[in-house]
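This report describes how the side chains of one protein model are arranged.

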Amino acid sequence: MVDRITPDPYPWKSEYESDNRLYDAQTRKFLEIINLMKELVATGSDKEGISRVFFQLIYYFEEYMLREEIYLTELGYDNLEAHKGDHREFTNRIISFREGFEKGEKGFEKEMYLYLEKWFDEHMMIYDRRAARFIRDRQ
């Protein structure tokens, strides 16, 4: 596990690009959220900053995840149910973090940051890229 998290933001890299505007916008937005969370964890989180992260995650879900699911449904994506299942798991985990925050629990911030980072690496860079290739091949 990471002992110390620096506030240095993750830069956008060309390797994140998928040649799909929706996915690239989604990836950029999520990277913004990770960077905000990273800064909060590294410098000492504040209630307002954490609230901002949760607000942005709600926007991310509504703007990108739901739109992605609708589009993949329309195209007949063969891995749709598993993809939607990942989204439900992500949403449930974020709700759990939010509930802890609302109860005043301390110390969840680092765990949440690491979860967001893992989601980026494992879901977005693998499964979302696979879905983006599926969309590209259907156009």
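Glu48 is exposed, with a relative accessible area of 61%; exposed means over 50%, buried under 20%, and partly exposed in between, with a 1.4 Å probe and protein chains only. The model is predicted, so local features need pLDDT of at least 70 and side-chain atom pairs count only at pLDDT 80 or more, while totals for chains, interfaces and linings use all residues. Residues are numbered from 1 along each chain as its sequence is written, and side-chain values use heavy atoms, with hydrogens and water left out.

Glu48 meets Arg52 in a salt bridge, at 4.0 Å from N to O. A salt bridge is a side-chain nitrogen of Lys or Arg within 4 Å of a carboxyl oxygen of Asp or Glu, and by this rule the count comes to 6. Arg52 is partly exposed, at 37% relative accessibility. Both residues lie in helix α2, 4 residues apart, about one turn of the helix; helices (H or I, at least four residues) are DSSP runs numbered from the N terminus. Side chains of opposite charge can pair when their charged atoms come close.

| Salt bridge | Distance, N to O |
|---|---|
| Arg52 and Glu48 | 4.0 Å |
| Arg67 and Glu63 | 3.4 Å |
| Arg98 and Glu102 | 2.9 Å |

Arg67 and Glu63 are 4 residues apart in helix α2, about one helical turn. Arg67 is partly exposed at 43%, and Glu63 is partly exposed at 26% relative accessibility. Arg98 and Glu102 are likewise 4 residues apart, in helix α3. Arg98 counts as partly exposed at 29%, whereas Glu102 counts as exposed at 55%.

The next topic is the nonpolar interior. A nonpolar core is a set of buried Ala, Val, Leu, Ile, Met, Phe, Trp, Tyr and Cys residues joined through side-chain atoms within 4.5 Å. The largest such core has 31 residues, of which Phe30, Leu57, Tyr60, Phe90, Met112 and Leu116 touch the most other members. At least two of its residues come from each of α1 (21-43), α2 (47-75), α3 (80-102) and α4 (108-138). Helix α4 supplies the largest share, 10 residues. Apart from this core lies another, of 8 residues, including Leu72, Tyr77, Leu80 and Phe134. Not counting residues up to four places away in sequence, Met112 touches Met37, Val53, Phe54, Leu57 and Phe97, where contact means heavy atoms within 4.5 Å.

On a 1 Å grid over the protein atoms alone, a cavity is a set of points where a 1.4 Å probe fits but cannot get out; a pocket is an open set with protein on both sides within 12 Å along at least five of seven lines, and lining residues have an atom within 4 Å of a point. The largest pocket holds about 250 Å³ of space. Its lining includes Asp86, Glu89, Arg93, Trp119 and Tyr127. Helix α4 gives the largest share of this lining, 8 residues.

The structure holds 1 cavity of 30 Å³ or more, and about 40 Å³ of space lies in the largest cavity. Among the residues lining the cavity are Tyr16, Tyr23, Gln26, Met124 and Arg129. Helices α1 and α4 each supply at least two residues of the cavity lining, and α4 gives the most, with 4 residues.

Methods:
Grid points are joined across faces, edges and corners, and a volume is the space filled by probe spheres set on the points.
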